[in-house]
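Let's take a look at this one together, a question at a time. Here it comes.

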Amino acid sequence: MNRILVTGATGNVGRHLVTTLAEGGVPVRALVRDPGRAGPLPDGVEVATGDLTVPGTVAPALADVETVFLLWPGFEARAAQPVIDLIAEHARKVVYLSAHVSDSDEPITFHQEIERSIRHSGLNWTFLRPGGFAANTLGWAEQIKQGVVRWPYGQAARALIHEKDIADVAVHVLTSAGHGGAAYQLSGPERLTQAEQVAVIGEAVGRAVRWEEQSPQEAREQLLAAWGDATFVDTALAAWGAFVDAPEEVTDTVEKLLGRPALTFRAWARDHAADFR
């Protein structure tokens, strides 16, 4: 049976992915940097030690692997090329967790650069292009606990997607035929502004939470201190600002692929209520 290597196996998407694959009896190998800190994985999941940023450590994990789920752990596309070359040497197929981009978008993002490298690798490929992750709102957790979220662009409207939906789509694509050369745009089923997202989280935790608008300039200083990459910070702020006048697209791709509606942000907030308490 097709053995699948899952990178990012202990993250929000990856942990759901390896669990679902293992429960379905699919041979799955989880690539982790530190098995001692990976936390419990389901029975039947083979653990391999490796670091995508050190390509030589990844080669042993690719032995007898036909398919790879690739999540790149940084913002430097050129660093991914040796790993893509390795995957092409060992496997036949790659499913890449990209982002909600268009082939014609400018300027070119690192996700698009990685997609281009994969297209030229000779691999059978599928790209998953989710928009905003609902899990990114976990960054507000400490402010939620204080009852006030201070952040820029409260009227930016997004169709945030539950990580379970991304994982379930990945399982479907990894274990069924007919997805070669597809680039799937994924989203949640509805748009909510950032201020509305905060209110929904407050409902889930049983606490009123207020939105307080922050200037983009102040936010930039904080994000630079936290993330360190000025280009990424500026890109993120520009994207959030753009969603005020041009809300994020809602797609029906999850429902078409899985035969069920995408999970709502309210469902995600209920699933994660403990993280905000």
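A cavity, worked out on a 1 Å grid over the protein atoms alone, is a set of points where a 1.4 Å probe fits but cannot get out. This is a predicted model, where local features need pLDDT of at least 70, side-chain atom pairs count only at pLDDT 80 or more, and totals for chains, interfaces and linings use all residues. Residues are numbered from 1 along each chain as its sequence is written, and side-chain values use heavy atoms, leaving out hydrogens and water.

Q: What volume does the largest cavity have?
A: The structure holds one cavity of 30 Å³ or more. Volume here is the space filled by probe spheres set on the grid points, which are joined across faces, edges and corners. For the largest cavity, that comes to about 30 Å³.

Q: Which residues line the largest cavity?
A: Lining residues have an atom within 4 Å of a point. The names to look for are Arg158, Ala159, Leu160, Glu190, Leu192, Gln197 and Phe265.

Q: Is Thr7 buried or exposed?
A: Buried means under 20% relative accessible area and exposed over 50%, with partly exposed in between (1.4 Å probe, protein chains only). Thr7 has 2% relative accessibility, so Thr7 counts as buried.

Q: The side chain of Thr7 reaches the backbone oxygen of which residue?
A: Leaving aside neighbours within four places in sequence, Thr7 is in contact (heavy atoms within 4.5 Å) with several residues, including Leu31 and Leu52. At 2.9 Å, its side chain reaches the backbone oxygen of Phe69.

How values were computed. A polar contact is a pair of N or O atoms within 3.5 Å; within protein, one must be able to donate a hydrogen and the other to accept it, and residues adjacent in sequence count only if both atoms are side-chain atoms. On a 1 Å grid over the protein atoms alone, a cavity is a set of points where a 1.4 Å probe fits but cannot get out, and a pocket is an open set with protein on both sides within 12 Å along at least five of seven lines; lining residues have an atom within 4 Å of a point.
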